[in-house]
Amino acid sequence: MSEVIIRGRHIVKEFRLGLTGRLRLRAVDGVDLEVMRGETVALVGESGSGKTTLGRILVGLLRPDRGTVTYREWGLGGRLPRHVRARLQVVFQNPDASLNPRMQVMDILAEAIRAAGDTASREEVLDRAISLLEMVGLSADHLPKYPHELSGGEKQRVAIARALAMRPEVVLADEPVSALDAIVRAQILELMYRLQEDWGLTYIFISHDLSHVWYLSDRVAIMYAGQIAEVGPTEEIFREPAHPYTAMLLTSSTSVLPYKPRLTVRPVGESPSLISPPPGCRFHPRCPYATEQCRAERPELRQIGPGRLVACIHAEKVLRS
Amino acid sequence: MVLRFLAWRGLQMAITIIGVILVLFLLVRILPGDPARLLAGPEASQEDVEELRRLLGLDRPLHEQFAAYFLSVLSGDLGTSYRTGEPVIDEIMRRLPYTLALAVAAQTLAIAVAVPLGIVAALRPRSIAGYAASIFGVLGSSLPVFWTALLLIWAFSVELKLLPSGGAGTPAHMVLPTAVLALFLMGNLVRITRASLLEVLGANHVVTAHSKGLPWNKVLTRHVIRNALVPIVTLVGVQFGTLLGGAVITETVFGWPGIGRLVVESIFVRDYAVLQGAILIIALFFMLINFFVDMVQMLIDPRTRHV
Amino acid sequence: MTLLDVRGLTIHYDLPQGTVRAVEDATFTVDRGEVVAIIGESGSGKTTLAMSIAGLLRPPGRVVRGHIYFEGLDLSRLDDEKWREIRGRDITVVFQDPNTYLNPLMNVGRQVAEVFEAHGMGSIRSREVAQRAIEILRRVRIQDPDKRYWSYPHELSGGMKQRVLIAMAIALKPKLLIADEPTSALDATIQAQILDLLEELRREMGMSLLLITHDLGVAAKIAHRIIVMYAGQIVEMGRADEIMSDPLHPYTRALVRSVKLDRKRLLGVPSGAPPSLISPPPGCRFHPRCPYATEQCTAWRHTLYVRDNRRVACILYA
Amino acid sequence: MSDLVRRVKAAKRERTAQMWRTFRANRAAYASLYVLAAMALMALIGAFYTPYDPYRIDLSAALGFFSPAHPLGTDWLGRDMLSRIMEGARYTLGISFAAVLLGAAVGSALGLISGYYGGLLDAIIQRATDVLLAFPTILLAIALTSVLGVGILNVVLAAGIATVPIYIRLVRNLTLTLRNEPYVEAGRAMGLSGPYILFRHILPNLSYVIVVQSTYYMGITILIVSALGFLGLGVPKPIPEWGTMIGDARDYIFTYPHVVLVPGVFISAAALAFNLLGDGLRDALDPRMATLLRRT
């Protein structure tokens with residue numbers, strides 16, 4: 001369980017904006033994160049927190065500007081051998097855009113099956129496509145369909161089947177259910193859970209919905225303004241947040257959670273601009289615990305318990321209150 | 001912000017202008033035939049031609065020739081017309097007012113007819129205006145200009161004897177060329193107006209305007225038409241730019257002494273200095289208008305002010 | 001006490017592919033000062049219902065049957081001019097997506113000021129109207145309202161834009177505010193602030209709030225009563241806490257189960273998706289997905305049965 | 001098994017059939033298809049058979065109006081107008097078609113490369129496009145023919161090159177959008193190669209837009225080609241390219257307007273049909289394209 005398979009060190013990613021690329025938006029700013037085999041690690045944060053960018057970097061879809069990412073013995077920065085690339089797959093948020101509108105489900109799956117190197121006869125491709133569809137709760141009847149003939153949930157199931165065709169070890173699921181209706185959301189989350197149980201998948205699960213995180217994840221990384229605020233086991237973090245931002249997020253959430261967080265932090269303010277973030281701790285303008293020191297120094301991510309890290313100098317105070 | 005934008009656009013335009021001058025320079029260089037021989041005339045002796053070649057600097061390497069050409073263009077010297085012996089710039093300046101007058105008249109007429117027609121067509125698709133708009137919309141851009149021009153001459157000059165068939169001088173001379181050009185412009189203008197208005201009518205902010213209880217006429221003027229103007233202004237800019245140089249055919253048919261006709265004349269008499277100069281001026285105008293359109297766009301649409 | 005009384009409201013969309021039965025036989029009331037949430041999945045008809053109450057239903061949508069009484073006045077029989085007076089003053093709307101519901105080419109202050117102009121309180125150019133707009137912007141906690149007055153929508157964050165939309169909606173102290181997914185495009189911490197603001201304004205002004213949402217969590221947080229819609233019909237209504245703790249209708253049960261997630265369990269939510277509203281299944285529209293469905297369900301006619309404080313449209317409770 | 005394969009293929013056919021049904025519902029576009037088919041047929045027949053020799057001068061029959069012997073009349077040299085129209089169809093339509101093909105192929109290829117690979121190549125292509133876009137299209141075509149001289153191939157080149165920058169812009173912008181589509185990113189995650197993604201995922205989604213745009217450009221190019229002919233910068237005389245016919249006949253407008261009227265009707269009909277066909281194709285191939293086309 002505790003075998004680290006993806007290791008991200010001091011990851012920095014900037015995007016250039018404006019006509020001349022004069023403005024730099026630092027989407028991810030010095031992040032360390034590890035992903036363990038067979039676990040689900042959730043990246044949680046609001047829009048602009050850098051969770052999507054970080055997720056893509058962790059599976060080698062984006063190259064960091066600084067820092068290193070390794071998957072087992074391979075560095076994720078340049079081109080990967082095909083069989084390694086295949087082991088890191090993605091499922092995206094928007095089911096409408098994640099399938100090529102001109103391809104039938106058959107072609108979509110066949111492409112993935114061939115790319116996985118499972119080539120062979122047409123019959124075998126067809127067999128494999130059907131078994132993939134059955135794995136995700138669809139049937140051979142879906143093979144002739146075009147994406148626009150599928151419902152949102154069905155599209156997302158096909159996208160999952162396409163990822164599974166590669167026989168991945170790690171799947172990055174970037175808000176896979178946020179565009180769906182409540183019941184379909186639950187269906188897809190349940191499917192993800194079952195697939196993980198059956199195939200020992202490792203998930204990097206990006207979400208802003210805390211009940212989904214609660215359902216699926218073993219560990220959570222709370223992100224704020226391009227940095228990690230807090231990392232740790234899901235249950236511990238939900239019960240005992242150590243970062244004031246985590247507490248604010250839990251207080252704000254309308255998700256139905258089994259218990260209220262111990263600490264209530266009234267939500268105020270908005271996330272800062274990543275072009276010119278506040279100095280020191282980026283959360284200090286919204287933080288009820290902020291002191292002079294918070295305005296001046298960037299807090300380091302430090303260990304406060306087994307597997308728990310937090311980037312707040314007042315973490316002990318937060319935990320006690 | 002605005003200053004930065006201006007600087008950026010200015011730089012972009014400068015690069016484009018250099019490119020345009022280079023293209024025009026090369027166009028003449030790769031012309032079939034020897035420019036020195038052309039200038040000297042068929043009767044000139046071989047020595048005279050060589051002499052002229054040296055005088056014109058045509059014996060020097062290409063990049064030196066370009067540098068010389070470029071510098072003279074920058075100093076406002078577009079060369080001399082071999083036909084009239086006059087500076088090219090003088091000839092162009094004499095023609096420009098005619099082209100401008102025709103372009104302004106045609107564009108104004110097109111806007112005055114097409115924009116209201118497009119608006120009514122969007123609001124009442126099943127009205128007479130709606131059908132008229134669809135007909136104008138496809139017909140205007142499908143009829144060849146030279147043909148409509150000839151048909152109008154036939155109808156109004158030959159049969160009805162109401163208007164002169166060509167030339168310039170009185171306001172009556174302007175009527176037919178203006179009408180021909182305006183009809184051509186109207187096709188696209190009606191279509192864009194109608195489509196743009198339909199798009200804005202379906203936009204969410206219009207629902208908000210209704211939800212305030214705002215009267216329909218205010219919703220229309222403040223929230224629909226104004227927003228629909230953005231693509232219309234862009235198209236008008238492109239059209240006006242095209243008119244300045246692209247009214248070649250109308251000017252030719254009606255013998256209108258504008259810059260477009262100058263282009264055609266100089267092609268036929270192989271007066272390449274004039275051709276180069278005229279096209280350069282047209283391209284400059286075209287770019288200037290695009291720039292101006294961007295500025296107007298910034299006035300209408302605050303989102304474009306942040307770049 | 002009753003402010004809004006909707007009776008047998010039926011709305012259809014006439015499309016080339018057929019008639020969409022978007023809302024069928026909707027009957028419910030909203031009391032003064034009450035927060036009622038209409039909850040349903042996309043395509044359940046909840047937005048259509050809200051739009052028709054606000055008089056913003058657009059063709060091809062049309063009210064086929066039923067009445068909407070607002071303070072005893074039948075809104076479904078109102079002419080355009082009378083509607084215009086009520087809309088924006090007595091009944092107002094806050095929309096889902098703050099990015100597209102504001103005019104991108106007009107500064108936000110003027111867009112708020114237009115509400116005053118629309119109801120005969122002076123031109124948007126007048127200093128007095130501008131001042132009132134600034135006060136309203138201050139009321140929805142926009143900082144530096146006199147500076148923000150001149151901002152264009154793209155210069156504001158999503159949360160700020162939503163505050164501007166709320167400012168328009170509360171400017172004339174409405175009796176009924178309809179909020180259509182007011183927070184679903186926003187981040188959690190902003191969403192909480194907006195919900196707090198709405199609740200605070202409702203108390204202060206004594207208005208009623210009709211909340212349209214797909215998010216049971218949002219509904220549970222601020223609504224007194226919840227109305228659950230499925231495929232164009234009301235399937236259940238009752239007190240929010242009761243619905244959350246003890247859902248009766250099989251659809252409501254599935255819905256509640258799908259938001260009250262336990263860690264890593266099989267959830268047992270029904271498969272399938274809502275039916276087409278052009279040719280809905282006969283009888284109970286949920287029966288093809290329902291674990292309790294019997295023969296009778298296909299012949300059943302939509303009825304809301306009373307059970308304690310609850311109304312539920314399922315033959316199990318007949 | 002084979003039953004499934006059959007169903008997959010049937011669904012593919014059904015999708016095509018659905019497009020065809022949408023297209024046919026647009027009556028103007030459907031009618032245009034017939035008009036264009038008739039014109040193409042006319043051009044084809046014209047290559048082998050015309051009622052009269054289109055180049056034979058017969059002054060005794062000069063300037064005849066419509067008659068059973070000469071359905072479209074004769075011109076001032078007594079040449080049969082119908083025969084000349086049939087002969088000219090090959091040139092006007094053929095040259096326009098070749099020019100659009102050239103412009104679309106070169107422009108799309110450059111736009112695709114520019115948009116997909118970016119970098120220095122993109123910068124160079126973009127600056128060159130800026131320069132070409134600084135000239136009004138018709139002027140660019142005129143300037144090119146004046147350099148290249150009269151000739152069929154030269155008209156194709158001039159009219160084709162004149163549209164290249166417009167295709168580059170369109171295709172580049174679309175490529176930039178498509179490149180970031182999640183299904184393209186998923187393809188990258190699967191380890192699909194750049195060229196494969198380009199041809200399998202980007203190009204097919206682009207191709208519909210290129211086809212529709214090219215249909216519209218057929219309309220515009222017919223006008224440009226005939227305008228060049230009208231000015232005497234097109235095909236060499238005495239080839240009866242339709243625009244050239246009008247240009248040669250313009251002095252007779254005062255006395256015998258039919259010599260101008262007839263070729264003009266054909267040019268207009270062809271241009272109109274392509275414009276209407278474009279609308280029909282746009283709606284049938286992809287309803288979302290209307291916004292896509294306008295945005296770029």
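**Terms tested against values**

Student: Why does C:Lys264 count as partly exposed?

Tutor: The relative accessibility of C:Lys264 is 23%. Buried means under 20% relative accessible area, exposed means over 50%, and partly exposed covers what lies in between, with a 1.4 Å probe and protein chains only. The value for C:Lys264 therefore falls in the intermediate class. Please note that this is a predicted model, in which local features need pLDDT of at least 70 and side-chain atom pairs count only at pLDDT 80 or more, while totals for chains, interfaces and linings use all residues. Residues are numbered from 1 along each chain as its sequence is written, chains are lettered from A and ligands numbered from 1 in the order in which they are written, and side-chain values use heavy atoms, with hydrogens and water left out.

Student: What makes the backbone of C:Lys264 worth a remark, and where does the residue lie?

Tutor: C:Lys264 has a positive phi of about 45° although it is not a glycine. Most residues other than glycine have a negative phi. The residue lies in the loop between helix H10 (250-259) and strand S11 (305-307) of chain C. Helices (H or I, at least four residues) and strands (E, at least two) are DSSP runs, numbered from the N terminus.

Student: Is B:Lys161 buried or exposed?

Tutor: B:Lys161 counts as exposed, because its relative accessibility is 65%. Its phi is also positive, at about 55°, and it too is not a glycine. B:Lys161 is found in the loop between helix H7 (145-159) and helix H8 (171-201) of chain B.

Student: Which peptide bonds are described as cis?

Tutor: Among them are the bond from C:Pro59 to C:Pro60, with omega near 10°, and the bond from D:Lys237 to D:Pro238, with omega near 5°. Most peptide bonds are trans. C:Pro60 belongs to the loop between helix H1 (46-53) and strand S4 (61-70) of chain C, and D:Pro238 to the loop between H8 and H9 of chain D.

Student: What makes S3(C) and strand S8 of chain C a pair?

Tutor: Two strands pair if DSSP finds at least two bridges between them. S3(C) and S8(C) (residues 208-213) are joined by 5 bridges and run parallel, so they meet the criterion. Here C:Ile39 stands opposite C:Thr213. Strand S9 (residues 225-230) of chain C qualifies as well, with 4 bridges to S3(C), again parallel; C:Ile226 in S9(C) is the bridge partner of C:Ala37.

Student: What fold pattern does chain D follow?

Tutor: Chain D has 11 helices and 0 strands, and its pattern along the sequence is α-α-α-α-α-α-α-α-α-α-α. Of its 296 residues, 56% count as buried.

Student: How do you know which pair of chains shares the most contacts?

Tutor: Contact means heavy atoms within 4.5 Å. Of the 5 pairs of chains in contact, chains B and D share the most contacts; 37 residues of chain D and 48 residues of chain B take part. Chain C and chain D, by comparison, do not touch, and their nearest C-alpha atoms are 12 Å apart.

Student: How much area do chains D and B bury, and what polar links join them?

Tutor: They bury about 3,600 Å² between them, 80% of it on carbon and sulfur atoms; buried area is the accessible area (1.4 Å probe) that two parts lose on being put together, summed over both. The count of salt bridges is 0, that is, of a side-chain nitrogen of Lys or Arg within 4 Å of a carboxyl oxygen of Asp or Glu. There are 2 residue pairs in polar contact, both residues at pLDDT 80 or more. A polar contact is a pair of N or O atoms within 3.5 Å; within protein, one must be able to donate a hydrogen and the other to accept it, and residues adjacent in sequence count only if both atoms are side-chain atoms.

Student: Which elements of chain D give two or more residues to the side that touches chain B?

Tutor: They are helices H4 (119-133), H5 (137-148), H8 (194-231), H9 (242-249) and H10 (258-285) of chain D. H10(D) gives the most, with 10 residues. The residues on this side of chain D divide into 26 nonpolar, 7 polar and 4 charged. Ala, Val, Leu, Ile, Met, Phe, Trp, Tyr, Cys and Pro count as nonpolar, Asp, Glu, Lys and Arg as charged, and the others, Gly among them, as polar.
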